[in-house]
Each structure stands twice: as C-alpha cells, then as structure tokens.
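Please look over the model below before reading my points.

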Amino acid sequence: MKALDATQLYLNRAADHLELPESTRQFLVTAKREVQVQIPIERDDGRLETYLGYRVQHNDARGPMKGGLRYHPEVDLDEVRALAALMTWKTAVVNLPYGGAKGGIAIDPQQLSSRELERITRKFVDEIHDFVGPNNDIPAPDMGTDSQVMAWYMNQYQKYHGFNPACVTGKPVEMYGAPGREEATGRGVGILCLKLLGRLGRKPQQTRVAIQGFGNVGSHTAWFLNKAECRVVAVSDRSGGYFRPGGLDVPSVVRYANSHRGMLAGYQEAEPITNEQLMELDCEVLIPAAIGGVITEQNAHKMKAPIIIEGANNPTYPGADDLLAAEGRTVLPDILANAGGVTVSYFEWAQNRQYYQWTQNRVRQELDHVLTLAFEAVWEIAQQRGTSLRTAAYILGIGRVSRAATLAGRM
Ligand code: NAD
C-alpha cells in the first residue's frame with residue numbers, strides 16, 4: 001500500500017464517524033497545489049547533477065500551510081503528498097492556526113558535502129519562492145535537514161522578498177530561531193509518552209523503551225525519557241541497533257553520536273543488534289523515530305511492546321495497525337505524537353512576526369500546555385466513541401478542518 005492510500009484510509013474511518021459526505025471527503029483528500037522542480041547543481045568535482053524537488057501544499061482552510069522539508073533518497077511525490085496531508089491533520093489536532101504542506105528533495109545528504117547541500121537548498125528556493133512565504137507556506141526541518149539548511153533557506157528567500165525571518169522555522173537560535181525548537185519534537189514525544197503511561201497506570205521507572213532512529217527526534221526523545229527515569233534499553237540508526245538490557249547510558253550515546261557526525265556506528269558500550277531485532281525487543285514502549293513503513297503485517301505480531309508511540313511519520317501500515325489494535329496494544333499516532341515540532345515552529349513564527357524572543361522555559365511550558373490539551377481531547381474522543389487513539393486524533397483534526405472550510409464557504 002502506498003503512503004497516501006494509508007492516510008486516506010485513516011481519513012475515511014474518521015469521516016465515517018463524523019458522517020461527512022463524499023463531496024467533503026474529496027475536498028479533504030486532494031491537495032491545493034503540487035509542484036515538482038528540477039534542481040541542477042554543480043558537484044564539488046565540477047560535474048553537473050540534476051535532482052528532483054517537491055512541495056505539496058495540501059490544505060489552508062485553517063491558516064498558512066506548514067510542513068517540513070525532507071532530504072532523503074526515497075523521497076517521491078506520493079510520499080510528500082501523504083506527509084502534506086498528515087500535516088493538515090496534525091496542525092488541526094494541536095489547534096495551531098495552520099494548514100499543512102510538505103517538501104522534499106530526493107538526495108542522500110550523507111553523500112553530499114555541506115557546500116553541495118547549500119547549493120541544492122538555494123536552487124530549490126529559487127524554484128519555489130513565488131508560492132511560499134510567511135503568510136502562505138512555511139517549511140521547517142524534517143528527516144535529513146537541520147537548522148543550517150533552514151538558515152540557507154531564509155537567506156535565499158530574503159534575496160527575493162526582503163527581510164522576513166518568519167518565512168521558515170527551525171532556524172539557528174542566532175538567526176531568529178526559537179530556543180527549544182531543536183529538541184521540540186523529541187521532547188513532545190517524551191511528554192506525550194509520560195501522559196499515556198499515566199493514563200495506562202504505568203510508572204516511568206518500570207518502563208523499558210526502545211527507540212528506532214537517533215537523529216533529531218530519536219535522540220531528544222531518548223534524552224527526555226532517560227531524564228524522566230524510563231529505562232531506554234535500545235536505540236538505533238541506519239548503521240544498526242545498540243541494546244543494553246539494564247538501560248543505556250543515554251548521555252554517553254548522545255556524546256558518541258555528536259562526535260561521529262550524528263552516527264552510532266562503532267558504539268562499544270552496548271550489544272549490537274539489527275533494526276529488525278530492535279522492533280521485536282521485549283520492552284514496554286517502542287518508539288519508531290526514523291523512516292516510515294517499518295511496522296508491517298509481517299512484523300506486527302512479532303513485536304512485544306504493548307505501547308507504540310509514533311515519533312516518525314507514517315511508520316505503521318494500516319493492516320499492521322489493525323493487528324495491533326486487535327491484540328489490545330495502544331498506538332499513539334504520529335499526528336499527535338510528533339506534533340511538538342510544529343508546535344514550537346508555530347511559537348518561532350509568532351515570535352519572528354513580533355521580533356521578540358521567548359525564553360526556553362516559556363517555550364517548554366507552552367509546549368507542554370498545547371500538547372496536554374491535544375492529548376486530553378484525543379483521549380476523551382477515544383473513550384466516548386470507543387475508537388483507537390489514531391481514529392480519535394483523525395476525528396478531532398478532520399472535524400476542525402472541515403468546519404473551518406465550511407464556515408469560510410470553501411466547499
Ligand atoms: P534525522 O534525519 O535527524 O534522523 C533520522 C534518523 O533515522 C537517523 O538516526 C538515521 O540514521 C535513522 N535512519 C535512517 N534510515 C533508517 C533506517 N532504514 N533504519 C533505521 N534508522 C534509519 O530525522 P528526524 O528529524 O529525527 O526525523 C525522524 C522522523 O520523525 C521522520 O519520520 C520525520 O518525518 C519525523 N518528524 C520529524 C520532525 C522534526 O522536527 N525533525 C517533526 C515531526 C516528525
């Protein structure tokens with residue numbers, strides 16, 4: 001099943017609960033605008049190479065469209081479309097005044113130099129600057145991109161449109177970024193994990209956690225949950241997994257990754273395992289925080305964790321989701337679980353528009369507040385309607401988007 005088919009299936013389940021007519025569903029599944037651009041750049045060795053970039057603007061019924069920019073070799077239009085729709089539902093679930101969008105370039109950033117990544121980013125902005133911007137579509141970091149990429153993006157955008165730091169979020173703090181943005185997605189995953197454990201009557205100290213992916217989301221999730229006294233027993237990245245039954249020394253894993261270009265390869269203080277083994281570990285909480293499509297009908301029944309928290313976007317195939325639900329496991333869906341990033345991006349955008357910077361403490365407090373409200377609302381819907389947390393989150397998000405579109409007379 002393609003990524004887009006999965007998000008549409010979830011949409012239809014929620015739409016059934018909301019009794020939305022076919023015409024509304026059609027409006028909700030189609031994107032407002034989709035663009036593919038050619039990105040020819042000169043490599044460091046003088047060769048000309050051409051890449052493909054995408055920006056999908058899914059829906060702006062609730063405000064300017066917001067969504068990350070992904071650099072990964074498997075980026076394609078189907079994936080970007082699905083991720084753009086997810087952003088529309090996500091911003092609605094956490095009640096931010098935004099719609100949803102997503103972008104991506106099909107490259108492997110590990111295989112490119114910093115100068116090459118800068119040229120690719122600037123060329124991408126050259127191609128899309130006319131239909132993005134602070135009131136229209138605001139990118140942010142995603143897989144394979146970071147605050148440096150956002151700094152290049154802002155600088156290039158400003159060459160066309162003048163000083164405008166709110167054109168992109170996730171920037172370095174020295175360049176109109178928000179303190180706390182970098183940690184926000186992982187911190188949010190951690191905050192929501194603790195809320196869910198509380199509702200399920202589990203104590204952090206008795207909770208073993210395995211995390212797939214040790215980039216921005218995975219590493220900050222590990223850091224937060226370790227501080228909260230959960231036992232982080234395994235982490236992984238594309239080089240493989242690292243397991244210690246008594247609990248990893250998370251600060252030492254972070255230090256190791258920071259001094260090895262973000263990679264865990266060669267980390268000696270844990271038993272090496274594969275990513276597949278990590279997914280099937282005996283633990284209480286499993287957090288996919290890397291790529292999509294890692295929980296399938298083939299591995300779902302082999303997984304032991306009763307709680308799955310979707311740090312990554314689209315990690316679970318619908319067939320697997322149904323299997324997990326039938327086995328009574330709890331899945332906290334991506335459109336809520338990883339919404340901490342877009343929430344602090346919103347804080348950054350709001351601060352940029354006021355030329356005023358909040359303290360990190362304020363960012364953390366407001367993040368906690370926004371995520372708590374969203375979690376409680378989703379939990380309540382799930383209890384009232386007897387649905388999974390995923391269907392409840394879609395009911396909340398899709399309900400808000402369709403009401404806004406109806407009130408504006410858009411459909
Ligand atoms: P990142 O590039 O910082 O890190 C990705 C991590 O995944 C790296 O450790 C990488 O080695 C690992 N990885 C890549 N391919 C893998 C594979 N095949 N198997 C196992 N590990 C693999 O990316 P990120 O920003 O941490 O994003 C991770 C996920 O979280 C993505 O699905 C992204 O869409 C989602 N997300 C990110 C943000 C954000 O603010 N960065 C916000 C919301 C959702």
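The numbered points below take these topics in turn.

1. This is a predicted model, in which local features need pLDDT of at least 70 and side-chain atom pairs count only at pLDDT 80 or more, while totals for chains, interfaces and linings use all residues. Residues are numbered from 1 along each chain as its sequence is written, and side-chain values use heavy atoms, with hydrogens and water left out.

2. Strand S10 (residues 285–288) is covered on both faces: Val285 and Ile287 are buried on one side, Leu286 and Pro288 on the other. Buried means under 20% relative accessible area (1.4 Å probe, protein chains only). Strands are DSSP E runs of at least two residues, and helices are H or I runs of at least four.

3. S10 runs parallel to strand S6 (residues 208–212), with 4 bridges, and parallel to S11 (residues 307–309), with 2 bridges.

4. Phe375, in helix H13 (residues 360–385), counts as buried because its relative accessibility is 1%. Beyond neighbours within four places in sequence, its contacts (heavy atoms within 4.5 Å) include Leu192, Lys195 and Leu332. Val94 is 281 residues away in sequence, yet its C-alpha is 8.5 Å from that of Phe375.

5. Helices H6 (181–199) and H7 (216–227) each supply at least two residues of the ligand shell.

Technical notes: Buried < 20%, exposed > 50% of the residue type's maximum accessible area, 1.4 Å probe, protein only. Pairing = 2+ DSSP bridges.
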